Structure formats: structure tokens, C-alpha cells
Amino acid sequence: MTDPAAPATPPEQRPFRFGLIIDQVATTRATLLEEAKRAADAGVHVLLGTDHLGRYATLPLLQAAAEATGLRIGTFVLNNDLRHPTVLAQELTTLDLVTDGRLEIGLGAGWNRAEYEAAGLAFDVPRRRVDRMVATVSMLKQAMSEGRIEHQADDAYPEIRQEGLPTSVQRPHPPIMIGGGGPRVLRFAAREADIVALDPRSLPKGGSDPNDLTEAAVDRKIAWIREAADYRWPEIEINVGLFDANRGISDEELARSPHYLLGTDVDAMVDTLLERRDRWGISYLAMRRPVLDRIAGAVARLAGS
């Protein structure tokens, strides 16, 4: 297949970006805005909100944070099953408008079975949840770029036909991030997303596989992405979340996993992140405040470089 567009910056050469996942449980407006300003001062590029029930909603919090800073904002990631695609398109287009085009859209198929059951929602088999997410990505792109949705009835959604929808400030649409750990989702992300997030594989009955955080697992995922992306590989940004506690792998694997950055020596951390970018194309790292506080020196050194 030939490349239909001019070459872009490949993942191995992309400037580093850092995202901070905001607190959505024990927060107030004052603490949220303070956190946003501290993040900007620390070299963070994107403020990120998760999407779970039982805590403050991500979209209003991100809007408030965007108003307090010049940072971009992103969903990390929205659970596709919690919103109808047309409602989601309306909400996200509006958020892109009021932030002057600083929105990044992360979308996932949902994984927290207990959360579904507590809310009285059906937790369908992975194939059905992914089918709905795939359909939603197509509808979001069409709505935000063309102001309409035309979806033929299928197993994911009934027929949807809407005209006269608002379009996004960012053209053709805000950057879309899709996160996953299995081959189907990652291959789809490689073909359709602007940002591909490497996540631990979701288990059929809910939760995630701790063994999917290893160096070998990441090698497999990058191979799936590169193969599926083909000529799109230079256009893709690769993201990982940095964890602040061991999620079940050995200490040896922990040191080699790109989901962890150990130690406090700034030079060593910088070298490790550069090596991971060279090897896997990972240039976009998301984290919570405890990790950011520990690696702040490396963030300051690498932000934008």
C-alpha cells in the first residue's frame, strides 16, 4: 500500500508529551483549579479525566480546568456504553468549542463489570462492547467533521440519521485516542485513531490482566499496531499510563515495563524514556500526581523535546 499523504513525524521521533490524570473523588473547585495550574507549571501538556460512576463527572471538571489554564484536556477514556453516540457527539463538539479547540477524545469499550452491574447496565461480551465502540468512532468523526450522522442499523446500534449537527473547531475533528490491550482493538486503533494507548488486556468477565503489562506484552502490541497501521504508522502517537504501584508483575518485569518508571535519578529516568521512545515509539505518558511529583525532573527535561 502506498502512502497517500506526505510523511509525518514517526512515533520514535515525536516530542514528548505528559498528561496528568486529575482527582475526581476528593476534589473541590478550588483544589481542581490549583491542581490544573500546578500541572501547567510542571510542564504537563494535557489534563486528563477518567470516566467512572461514583465520582465527579469528567467533562464538566475538564472544562473548568481548561478555563483556568491554557492546557489541552482529554478523556482518559470515556466508557462508550455510558452515552448514546449522538449525545456524545453533541457534548464533545460543545466542549471543543468552549475550549477553543483544546479537546482530545479518548474512547474505550468499557471494562468495569461491577460498575455496570451497580448501575443496572448489561455487561455484554467483549465483542459486542467493541462493536459499539467501533460504530461510535465512525459516527463521532462524521458528526464532528460533517455535521451529520448516517448509521445503518446493525448489531451495534439501530438506524441513526441526523442532520444539522454542530461541527468541531478542530478540523476534521479533535484528536481521537483509543486504548486497548487486545489485537482487535489495537488494530482498529492503528487504522482509525490519532493516538493509540497501550492498556492491559481486559478480561472477559471484567477487570484487566496484570500479566499484560510486561515488556514482552508491549512488544506484541506494538507489532500489531505497526502491522495494522501500515503507512499510517508515522501519523500515530503512542501513549502509556505510568502506574504508581505494582499491579501484579515480578520486580524484574516491573523494571522493564513501560508502564512503570522506577527510581528518582533524573538522568536515569530520562535515558529510560528516550530508550522506550526509540524502541516502541512511546512519547505520550499519562500519570497521577504521585508519579508526576517523583519524576518531575524528567518531565521538565523532556517536555516538548
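Analyst: This is a predicted model. D230 sits in the loop between α7 (215–229) and β10 (237–241).

User: Why is D230 called partly exposed?

Analyst: Its relative accessible area is 38%. Buried means under 20% and exposed means over 50%. D230 falls in between, so the label is partly exposed. Its backbone deserves a note too. Phi of D230 is near 55 degrees, a positive value in a residue other than glycine.

User: Where is D100, and is D100 buried or exposed?

Analyst: D100 lies in the loop between α3 (85–98) and β5. Its relative accessible area is 65%. The cut-off for exposed is over 50%, so D100 is exposed. Phi of D100 is positive as well, near 55 degrees, and this residue is not a glycine.

User: What makes Q170 count as buried?

Analyst: Q170 has a relative accessibility of 14%. Buried means under 20%, so Q170 qualifies. Q170 is found in the loop between β7 (160–162) and β8 (176–180). Leaving aside neighbours within four places in sequence, Q170 contacts R72, D96, G101, R102, L103 and P175.

User: What makes R184 and D131 a salt bridge?

Analyst: The closest N and O atoms are 2.6 Å apart. That is within 4 Å, so the pair qualifies. This pair links distant parts of the chain: R184 is in helix α6 (residues 183–192), D131 is in helix α5 (residues 126–146), and 53 residues separate them. R184 has a relative accessible area of 40% and is partly exposed.

User: Why is E252 called exposed, while R256 is called partly exposed?

Analyst: E252 has a relative accessible area of 55%. The cut-off for exposed is over 50%, so E252 passes. R256 has 33%, which lies between the 20% and 50% cut-offs, so R256 is partly exposed. The two form a salt bridge, with closest N and O atoms 3.2 Å apart. They are four residues apart in helix α8 (residues 251–256), about one helical turn.

User: Which network of salt bridges includes R256 and E252?

Analyst: The network links E215, D219, E252, E253, R256 and R279. In total, the structure holds 29 salt bridges.

User: Where is the kink in helix α10?

Analyst: The kink is centred on I295, in a helix that spans residues 289–302. It is about 70 degrees. I295 is one of the buried residues of α10, along with R289, V291, L292, A298, V299 and L302. Their cover includes β1 (17–21), α1 (29–41), α9 (266–280) and β11 (282–287). G304 follows α10 and has a positive phi, near 80 degrees.

User: How many cavities of 30 Å³ or more are there, and what lines the largest?

Analyst: A search of the whole structure finds one. The largest cavity holds about 30 Å³ of space. Its lining is L48, G74, T75, E104, I105, G106, M177, I195 and Y284. β5 gives the most, with three residues. By class, the lining has five nonpolar, three polar and one charged residue.

User: What is the volume of the largest pocket, and which residues are closest to its centre?

Analyst: The volume is about 1100 Å³. Of the 46 lining residues, V77, W111, D199, P200 and S202 are closest to the centre. α5 supplies the largest share of the lining, four residues. The classes are 20 nonpolar, 15 polar and 11 charged.

Definitions and conventions
Residues numbered from 1 in each chain as written. Predicted model: local features only at pLDDT ≥ 70, side-chain atom pairs only at ≥ 80, totals over all residues. Heavy atoms only, no water. Bend = angle between axes of the 7 residues up to and from the residue. Helix = DSSP H or I, 4+ residues; strand = E, 2+ residues; numbered from the N terminus. Buried < 20%, exposed > 50% of the residue type's maximum accessible area, 1.4 Å probe, protein only. Contact = heavy atoms within 4.5 Å. 1 Å grid on protein atoms, 1.4 Å probe; cavity = no way out; pocket = protein on both sides within 12 Å on 5 of 7 lines; lining within 4 Å. Points joined across faces, edges and corners; volume = space filled by probe spheres on them. Nonpolar A, V, L, I, M, F, W, Y, C, P; charged D, E, K, R; others polar. Salt bridge = Lys/Arg side-chain N within 4 Å of Asp/Glu carboxyl O.
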